[in-house]
Amino acid sequence: IASNLGLGDTCIKKVPELRASGKGAEARGLMRTALAARVIASVAAAAVVWLAAEPLARLFFKMDGFAGLLRVAAAGALAASVLEAQQHLLWSLQRFDVFSRVMLVTNIPVRLVALAGFAWGGIHGYLGVVVAGQVALSAWLARVLGPELKGDHAESPAATLRYSLPYYANGFGRYAGLQAAQWLTGVFLPPRMLALYYVVRRFADYLILMADALFYPLPTRLAQLRPQGLAEVGRAFRRAARLTALILPPAWGIVAGLSYPLLRLYGAGQYLDGVPLLVGLAAIMTLYGPYGLYATGAYILGRPSTRLAYESLNGAANLALGIVLMSWFSLAGLVAAKGLALLATLWLARLLFRRQFVPPADPPGIGFRTWLDVALASALVAAILSAGWLIPPRAVTVPLTTLAALAGGVWFMLTRLTEHDLATRREASPGGGARAADALAWL
């Protein structure tokens with residue numbers, strides 16, 4: 001957090017627009033400046049921790065003997081910071097193929113090998129393997145990104161850092177909000193309720209990860225279209241909103257419908273009290289799709305302070321509402337606080353996004369009727385799935401209701417797809433996407 005300087009957000013916003021405007025040299029200069037500044041800041045932060053490892057270890061671990069571990073962690077933070085900076089450049093260049101490979105290798109093979117390192121050398125072995133994997137990936141990305149960074153044009157580091165300052169502040173604000181949320185749950189919830197909350201929230205986090213993955217290409221695409229005018233940006237926004245509406249609510253409906261078997265499987269039935277909470281969180285996540293769309297549009301079209309505004313509201317509303325509602329309704333109050341905070345943030349993000357469109361350009365909507373239509377159908381699928389697990393005998397009702405929910409959901413989706421949706425799918429992915437679109441058209 002301390003070393004990112006907000007430069008990744010600046011690159012994601014500005015590089016696609018510069019390249020689309022024929023200013024490739026300026027884009028390369030910005031990326032070189034951002035990467036160099038991030039590396040310098042990361043080395044400086046890691047050096048401070050390395051040199052102060054002894055007193056910091058005594059402060060955090062309350063005993064001697066952990067300075068070596070803290071130095072390994074500092075090396076890991078340095079490697080992770082540089083790798084993250086390179087991933088931001090891949091994102092800016094819309095190299096999602098390479099970006100995805102790096103994410104997969106970092107989160108699966110490297111972690112699995114690190115477990116073997118733990119068996120061999122304990123926590124030092126685990127961290128050592130993780131750091132080595134990040135260094136290897138970073139070296140490979142240096143070769144991949146090398147041709148994209150060549151050139152003589154240099155952006156002013158001071159000007160770039162000033163522009164990125166709100167994004168930098170937003171990183172600290174987001175971290176503070178996360179720590180405040182953890183403090184809040186720790187203060188108001190007894191141990192058993194705390195464990196229940198973290199189990200239920202894990203499933204909600206998976207849904208958020210899925211939504212974020214769907215939104216990954218959107219900011220760079222909108223930034224790329226910005227030089228062509230707000231009308232083009234609006235058309236791309238509407239297409240993204242429709243496809244998001246057809247994908248996300250059904251996923252949330254399935255999780256809500258399967259909340260009972262999921263929590264029965266997780267912890268051998270210890271967390272079944274969390275079924276209503278998981279259903280509530282899945283329902284609240286319906287707001288996350290529109291929020292993600294409007295927030296992305298406001299981030300790309302607005303000033304750097306725009307993002308700080310709506311994310312600050314989200315953190316402050318979660319904290320304030322959480323304190324009030326949790327003191328009255330415990331976990332149910334926390335879920336309600338998250339929903340109300342998300343609703344308020346959605347309102348502000350929508351307002352900030354629409355302000356960027358001045359006549360004659362009309363601000364695009366997300367297709368509220370489509371979202372409502374799909375959300376209601378997803379709720380019906382969730383109800384059918386839930387009924388199979390709640391009505392005995394399950395050996396009969398579960399297969400029947402699952403087939404009914406799948407058939408009804410597929411029928412609903414097919415009747416809502418248009419040729420324009422299929423054309424957008426073909427355009428987004430000419431190979432497999434085109435074949436999938438042809439199959440859907442036939443159905």
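**View 1. The lining of the largest cavity, sorted by residue class.** By class, six nonpolar, two polar and one charged residues make up this lining (Ala, Val, Leu, Ile, Met, Phe, Trp, Tyr, Cys and Pro count as nonpolar, Asp, Glu, Lys and Arg as charged, and the others, Gly among them, as polar). The model shown is predicted: local features need pLDDT of at least 70, side-chain atom pairs count only at pLDDT 80 or more, and totals for chains, interfaces and linings use all residues. Residues are numbered from 1 along each chain as its sequence is written, and side-chain values use heavy atoms, leaving out hydrogens and water.

**View 2. The residues and helices around the largest cavity.** Look here for Leu7, Gly8, Cys11, Ala34, Leu35, Arg38, Ala85, His88 and Leu89, which line the largest cavity. Helix H1 (7–20), helix H2 (24–51) and helix H4 (67–92) are the elements that give two or more residues to this lining. (Helices are DSSP runs of H or I, at least four residues, numbered from the N terminus.)

**View 3. Helix H7 against helix H8.** Helix H7 (residues 157–188) packs on helix H8 (residues 191–215) at about 140°, and their axes are 8 Å apart. (Axes are lines fitted to C-alpha atoms over the stretch in contact, with angles from 0 to 180 degrees between N-to-C directions.) That angle makes H7 oblique to H8, a term for whatever is not under 35 degrees (roughly parallel), over 145 (roughly antiparallel) or 65 to 115 (roughly perpendicular).

**View 4. The contact residues of H7 and H8.** Gln182, Thr185 and Gly186 of H7 meet Leu194, Tyr197 and Tyr198 of H8, where contact means heavy atoms within 4.5 Å. Three of these contact residues are nonpolar, three are polar and none is charged.

How values were computed. On a 1 Å grid over the protein atoms alone, a cavity is a set of points where a 1.4 Å probe fits but cannot get out, and a pocket is an open set with protein on both sides within 12 Å along at least five of seven lines; lining residues have an atom within 4 Å of a point.
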